[in-house]
Amino acid sequence: MKQLELIDRRIIMLISFLFIFLTSCQHMRNQTEDEKDTLEKSVLVCDSGYPEKYEDQKIRAQLNEAKWNLYLYAVVDTPKNSEGSFVSQNPKSYASYPLILDTLYTYNGSTFILFSFCIDGELVTKDKAYKMGIKYVPESISLAKTVNGKESRCVNWRGLTDGDNFCMETLNKEDIEKFPKHYSKQELYEMRKSSNRLIYPLNPAIVNYIESNKENLDVWFITEAKRRGIIK
């Protein structure tokens, strides 16, 4: 009798063990599937390719130029909130994240192209940027000719400064050639400021940053920088 009771206990223990094991396996499988779904959704959301309706090569060239200019402007910035704290657990340059085409429209003969950065698998839309408390999220760099024939560059922001923009007339080649060949640390730091990046987009501080951080920056951006002869 005692031997039968012992066998019964062992059977019950075995059944319990199998139940726990199978439940655990199911939980792990569900967790893996959830992670896979999340990853697939993230990849889908962060797809930086252009929609098929923009197959025209002229439009594609405009999109690439707008994307390049936005990456170039934002490369030395890292997403921060209004208190100056990083908004990501792993702070990175804006130019480390995929840029996703947001809006393309034409108004009074001018084409406006807006992009959204995809940070940690989520698009930083206007609402998202505001909720994250980011003050300046660059969404576009627009180019225009001034009355004296020079080029003007404008950066447009979203977030707590939604709709704000800042424009500067760029330096021409002759002005740039007058600059000294060597710069102090303070002068290089000044070149990273918003206004100086607009008037002199490919200044030494920006080029040096791209070269020094190319392994951590977006593949498209680095490929484009090499294609344009900015870095090797």
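User: What counts as a helix or a strand here?

Analyst: Both are DSSP runs: a helix needs at least four residues, a strand at least two. In this predicted model, the protein chain has eight helices and six strands. Along the sequence they follow the pattern α-α-β-β-β-α-β-β-β-α-α-α-α-α.

User: What makes E3 a strand?

Analyst: Strand E3 covers residues 122-123. A strand needs at least two residues, so this run qualifies.

User: How do you know that E2 and E3 pair?

Analyst: Two bridges join them, and they run antiparallel. Pairing asks for at least two bridges, so E2 and E3 count as paired. In E3, Glu-122 is the bridge partner of Ile-119. The hairpin of E2 and E3 has two residues between the strands, and Asp-120 there takes a positive phi near 55°.

User: What joins E1 to E2?

Analyst: Eight bridges join strand E1 (residues 99-107) to E2, and the two run antiparallel. Leu-104 has Ile-113 in E2 as its bridge partner. In this hairpin, too, two residues lie between the strands, and Asn-108 takes a positive phi near 50°.

User: Why is strand E2 called mostly covered?

Analyst: Strand E2 spans residues 110-119, and seven of its ten residues are buried. Buried means under 20% relative accessible area. For the protein chain, buried residues make up 30% of the 232 residues.

User: Why are E4 and E6 called edge strands?

Analyst: E4, E5 and E6 form an open sheet in the order E4-E5-E6, with antiparallel pairing. Strand E4 (137-145) and strand E6 (165-169) each pair on one side only, and these are the edge strands. From one strand to the next, the twist averages 20°.

User: What links E5 to E6?

Analyst: Five bridges link strand E5 (residues 151-158) to E6. Ser-152 has Glu-169 in E6 as its bridge partner.

User: Which helix packs on the sheet?

Analyst: Helix H2 (residues 57-74) does, touching E4 and E5. The direction of H2 makes about 120° with that of E4.

User: How do you know that Glu-65 and Arg-228 form a salt bridge?

Analyst: Their closest N and O atoms are 2.8 Å apart. The cut-off is within 4 Å, so the pair counts.

User: Why is Glu-65 called partly exposed?

Analyst: Glu-65 has 34% relative accessibility. Buried is under 20% and exposed is over 50%, so a value in between is partly exposed. Arg-228, at 27%, is partly exposed as well.

User: What makes Glu-122 and Lys-128 a salt bridge?

Analyst: The closest N and O atoms of Glu-122 and Lys-128 are 3.3 Å apart. That is within 4 Å, so the pair is a salt bridge. Glu-122 is partly exposed at 42%, and Lys-128 is partly exposed at 25%.

User: How do you know that Lys-214 pairs with Glu-211?

Analyst: Their closest N and O atoms are 2.9 Å apart. The rule asks for within 4 Å, so this is a salt bridge. Lys-214 is partly exposed at 28%. Glu-211 is partly exposed at 33%.

User: How many salt bridges does the rule give, and which residues are linked in a network?

Analyst: The count comes to twelve salt bridges. The network links Asp-102, Lys-126, Glu-139, Arg-158 and Asp-162.

Definitions and conventions:
Residues are numbered from 1 along each chain as its sequence is written. This is a predicted model: local features need pLDDT of at least 70, side-chain atom pairs count only at pLDDT 80 or more; totals for chains, interfaces and linings use all residues. Side-chain values use heavy atoms; hydrogens and water are left out. Axes are lines fitted to C-alpha atoms, for helices over the stretch in contact, and angles run from 0 to 180 degrees between N-to-C directions. Contact means heavy atoms within 4.5 Å. Buried means under 20% relative accessible area, exposed over 50%, partly exposed in between (1.4 Å probe, protein chains only). A salt bridge is a side-chain nitrogen of Lys or Arg within 4 Å of a carboxyl oxygen of Asp or Glu.
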